[in-house]
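Please look over the sequence and the model first, and then read the points below, which are grouped by topic.

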Amino acid sequence: ENLRDNISHFFSSTESVRHNLDLMISDINSGTEADKAFLNHSKELISAFSESIMYATKVRLYLNLREELHKELNGKINNFIEVSIGSFENRYRQKFKEEILTITNDITILSQKILKKEWDRVSKTLFKRFYQKIRKTA
């Protein structure tokens, strides 16, 4: 596993959280009492949320909090967790769907920037080693 894989798994699990929250709000909008709608979807919702926490923790292990983008990503992951917990406690409302969407979009952008930066760093090192090998054999 690497950062890219764990970010991918994290996104997959956050989508599952959003999907289950959407099902819950759909029930509420169709007249189901909020507590009953929560109970109807709680197993899948809690499972998806637990999975997202697990992958969020794995992503955090790869972060270097001395780097600004990494700090921002860590903060956005914390926001996702806080908003998700808030949506459970408040039996989910439309505003949580919008907040979660905004946060996951921010996480996507930050992740792309971090992965691009890491790729640039690795590719420069590989190119440098390759160039040095060629010079030695020439």
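His 70 is found in helix α3, where helices (H or I, at least four residues) are DSSP runs numbered from the N terminus. This is a predicted model, in which local features need pLDDT of at least 70 and side-chain atom pairs count only at pLDDT 80 or more, while totals for chains, interfaces and linings use all residues. Residues are numbered from 1 along each chain as its sequence is written, and side-chain values use heavy atoms, with hydrogens and water left out.

**Around His 70**
- His 70 is buried, with a relative accessible area of 4%; buried means under 20% relative accessible area, exposed over 50%, and partly exposed in between, using a 1.4 Å probe and protein chains only.
- Leaving aside neighbours within four places in sequence, His 70 is in contact with Tyr 62, Leu 63, Asn 64, Leu 65, Ile 114 and Glu 118, contact meaning heavy atoms within 4.5 Å.
- Although His 70 and Ile 114 are 44 residues apart along the chain, their C-alpha atoms are separated by 7.3 Å.

**Helices α1 and α2**
- The axes of helix α1 (residues 3–29) and helix α2 (residues 34–62) come within 8 Å and cross at roughly 165°, the axes being lines fitted to C-alpha atoms over the stretch in contact, with angles from 0 to 180 degrees between N-to-C directions.
- That crossing angle makes α1 roughly antiparallel to α2, a label given to angles over 145 degrees.
- By class, the contact of α1 with α2 has 18 nonpolar, nine polar and four charged residues; Ala, Val, Leu, Ile, Met, Phe, Trp, Tyr, Cys and Pro count as nonpolar, Asp, Glu, Lys and Arg as charged, and the others, Gly among them, as polar.

**Two residues of α1**
- Ile 7 lies in helix α1 and is buried, its relative accessible area being 6%.
- Not counting residues up to four places away in sequence, Ile 7 touches Val 59, Ser 111 and Leu 115.
- Ser 16 also has its place in helix α1, and at 30% relative accessibility Ser 16 counts as partly exposed.
- Between Ser 16 and Leu 45, which are 29 residues apart in sequence, the C-alpha to C-alpha distance is 7.8 Å.

**The nonpolar core**
- The largest nonpolar core has 28 residues, and those with the most contacts inside it include Phe 10, Val 59 and Ile 107; such a core is a set of buried Ala, Val, Leu, Ile, Met, Phe, Trp, Tyr and Cys residues joined through side-chain atoms within 4.5 Å.
- At least two residues of this core come from each of α1, α2, α3 (68–89) and α4 (94–137), and α2 gives the most, with eight residues.

Definitions and conventions: Angles under 35 degrees count as roughly parallel, over 145 as roughly antiparallel, 65 to 115 as roughly perpendicular and the rest as oblique.
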